[in-house]
Structures are given as C-alpha cells and as structure tokens.
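Thanks for coming. Please look at the sequence and the model first.

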Amino acid sequence: MHNENNQRFWNLLSKKLANEANEVELDELKSILVSNPNLHHQADLITEMWEQRFQNGSFADEGAYMRHVMKYKDEFFAEESNQGGAPEFINEDLEDKKASFLLSLFSRESLRTNRLTIISLVTLIIGSIGAIYFLPGKKNAVAAAKQEFSSVVTKNGNRTKVVLPDGSQVWLNAGSSLDYNNSTFNKDLREVSLDGEAYFDVTRDESKPFIIHTKKMDIKVIGTTFNVRSYSDEKIAEAALIKGTIEVTLKDRDQKLVLKPNEKITVANEIPKPETKTEKITARSSPVPVPQIVVKELKPNATYNIIGEIAWTQNKLYFEDETLEHIGTLIERWFGKKVTIANESLKTVHYTGNFENETMEEVLSYLKLSKSFNFRIGTDNVVIY
C-alpha cells in the first residue's frame, strides 16, 4: 500500500473502534482489507488489544495491559518483515520509555477521547516498528530474524501452491495468507496460521502433529487432506475433511470436535447479540440467524459431480444457492476486481453456477439470464445494478 492509503486504513480502523465510523467508511475499510489481505493480522491485533482494554469496563491492571501492548508490537513487525525487511532488536531503556508513554495515553482522562487515543496507539506501534527497524548495527541478528518467519500472501485474482519444509502441500485461494515460524516448524509441532482459504495435503508424521490456527478454530491433524475457509470478512468459517481425521478446537468455547472423512464443520464468525424485546416480537419475519456450529456430511453436486467446498482447487468457480452479495465477494477474489452491488434488492437474490475458464463478463452474463440485472465492468471494478 502507498503511504497515503496506509494512513487512510489506520484512520478508518481507529474510527471503527471508537464507534465513530459511518456506513460508507466501514465499507471503505472492508474494501481495503479485501484488497490487502496482509493487513488483516495488524487489524485483528489492534482490535483485540482495544477490546481487552475495555472488557468488563475494567481499567485496574494498567501495567499488565501495557506489557501486552508492547509484546504485540513485535508481532506487528514480524509480518512486515516478510515484505522485505527484518526487525532489529530494541534496547530495554527505549522499550520502557515507550511503555511509559503508552501508559499515559490510557489514563482515565484520555480514554474519554476514544478515537484520538486509538490513533495515538496505532501511531506509536507503527513508530515502534520504525524505531526497531532503523536502529543501526547487529546485521547478523537482522539476517537471522529475516529467515525466522515465512509468509505467503495471495492477492485477489491469484491462487498459488506452497510446499512446506516437511513436504506438506498447501494450495492458497485468492485473498489468503499463510504464516509459519521457520525456527520452530517441524520441530515438536508443525504450526501455521491461516487467514483466508487453503487446501491442505499434510505429510503424515505421528510424532509431529500439524496445527492450523485460524480466527475461530484450531485444527490438529497428523496426515490428511482437507479444506479450511476462514476469511476475516465473512460471516462463517469452515473446515471440510476429504480423508483422514482432524480435531477441531473451537476457541470461543474451548470445545473439541473430531471430524470423519466427508464431514464438514461450519462455525459462525460473529456471536449474535442478545435480542431486545422489540427484536423478539419481529423475529418471525426476520431472516434465520446463522447457527453457531453445524457439522454435516459433504455431498457432491449431482449435476456437476463436484464437491463444492474444494471446487476452487480444480480451478472452478462454483457456488450453489448463494446470494448475489456473497457471489460478488467470490467474483471479486476470483478475478481481482472490486465488485459493488448498487441495487440493494439484488443482494439477496440466489444463484447457482459452475465456471472454469469463463471471463468475468461471461459469468455475469450467464447469471443475469436466470434473474435479470445489469452490470458495468471498469478497469479495476465492476458495478452490478
């Protein structure tokens, strides 16, 4: 991202956390995250720190919280280091000064100006990153740190295959990122972090379990083939097992489930808020909420003879009875062009389709034959109306 766009991203995130962002700004932030998957990790960390700060309205343990903040600054830089740089170590005096300054930002008085506080936090963390990077000397430490982390990112419109150090193969779908630590991977464990969608063919090694960390669940395997879908901007996350066995740990409730071949688990990314009296009265006319956890059998589509969850690994853009709003997201990732649905009534219309080598124009032209709409394709965007 250019510096101007990067600054815009952090400003929008700070406004969102302070509950000051309007609908247009929230849509803009979502668009930036979709176009720049590598920013998801930073956004999640900032959000986590902010939410923990206000959890239960407690401000008692200022020191522990600030140590938490300073710990995460290194994680922020670790991701950036894979973009062509590596962190230099910061001395303890400088870290103590930054921690003290951060602590002053979160005094009870300054917390009354939420957005300014968040912007200060974001700016300081980025500043810490810059300070760490530009400290002179210790070239050997820089070189070692550069080799410590590996990060593979696929932008919208692209898919790629990765072979991990243990021989396991991973196919990354568009708009996804996979991270792992070279210094610890394939030692006692084989651990990776995923944001997006990936198809795994894991090399069997009973002495070294393979673990995939996502936002809502951790998946533990020994050797098997399965698909994981966990995009930060989608309402659900899922894991579909093709062969072998996987153990899924749900982070929100510390619950473990074991999937058998041809089973799929779906987990809601957002926990529904408690209903108000008004909402309960109108519940009958409201859409059915997404169940928190669903385990069901994988069933190939009889018409196309394909398992929908892994169709993308065969270079097929497939969807079955999906809303146009969701299909717009799929098309956006598949072709790498921003999709905007200008007519709200079109978003809930359902379509089914299976495409392999068709262009975006051909896909949209086919869909409009079923339930009509118009579209306009630009250089880097498409508008459906």
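I will start with the chain as a whole, then go through strands, cores, a helix and salt bridges.

First, the ground rules. This is a predicted model, in which local features need pLDDT of at least 70 and side-chain atom pairs count only at pLDDT 80 or more, while totals for chains, interfaces and linings use all residues. Residues are numbered from 1 along each chain as its sequence is written, and side-chain values use heavy atoms, with hydrogens and water left out.

The chain has ten helices and 18 strands; these are DSSP runs numbered from the N terminus, with helices being H or I of at least four residues and strands being E of at least two. Of its 385 residues, 42% count as buried. Buried means under 20% relative accessible area, exposed means over 50%, and partly exposed is in between, with a 1.4 Å probe and protein chains only. Among contacts with a separation of 6 or more, 56% are between residues 24 or more positions apart; a contact means heavy atoms within 4.5 Å.

Now the strands. In strand β4, residues 176-181, five of the six residues are buried. β4 pairs with β1, residues 149-154, in the antiparallel sense over six bridges, and F149 stands opposite N181 in β4. β4 also pairs with β5, again antiparallel, over three bridges, with D179 opposite S193 in β5. For two strands to pair, DSSP must find at least two bridges between them.

Next, the cores. A nonpolar core is a set of buried Ala, Val, Leu, Ile, Met, Phe, Trp, Tyr and Cys residues joined through side-chain atoms within 4.5 Å. The largest one has 28 residues, and those with the most contacts inside it include L164, V192, F200 and I246. β5 gives the largest share of this core, four residues. In soluble globular proteins, nonpolar side chains tend to be buried together.

On to helix α9, residues 324-335. The helix has twelve residues and reaches 16 Å from its first C-alpha to its last, close to the 16 Å expected at 1.5 Å a residue; the expected span is 1.5 Å times one less than the number of residues. Its buried residues include L324, I327, I331 and W334. After α9 comes G336, with a positive phi near 75°.

Last, the charges. How many salt bridges does a search of the whole structure find? The search finds twelve, where a salt bridge is a side-chain nitrogen of Lys or Arg within 4 Å of a carboxyl oxygen of Asp or Glu.

One of them joins R229 and E197, at 2.6 Å from N to O. The pair links distant parts of the chain, with R229 in strand β8 and E197 in strand β5, 32 residues apart. R229 is buried at 12% relative accessible area, and E197 is buried at 3%.

Another joins K264 and E309, at 2.8 Å. K264 lies in strand β12 and E309 in the loop between β13 and β14, 45 residues apart. Both ends are buried, K264 at 9% and E309 at 16%. Shared partners also join E197, R229, D233, E234 and R333 into one salt-bridge network.

By contrast, R204 and E206, which meet at 3.0 Å, are both exposed.
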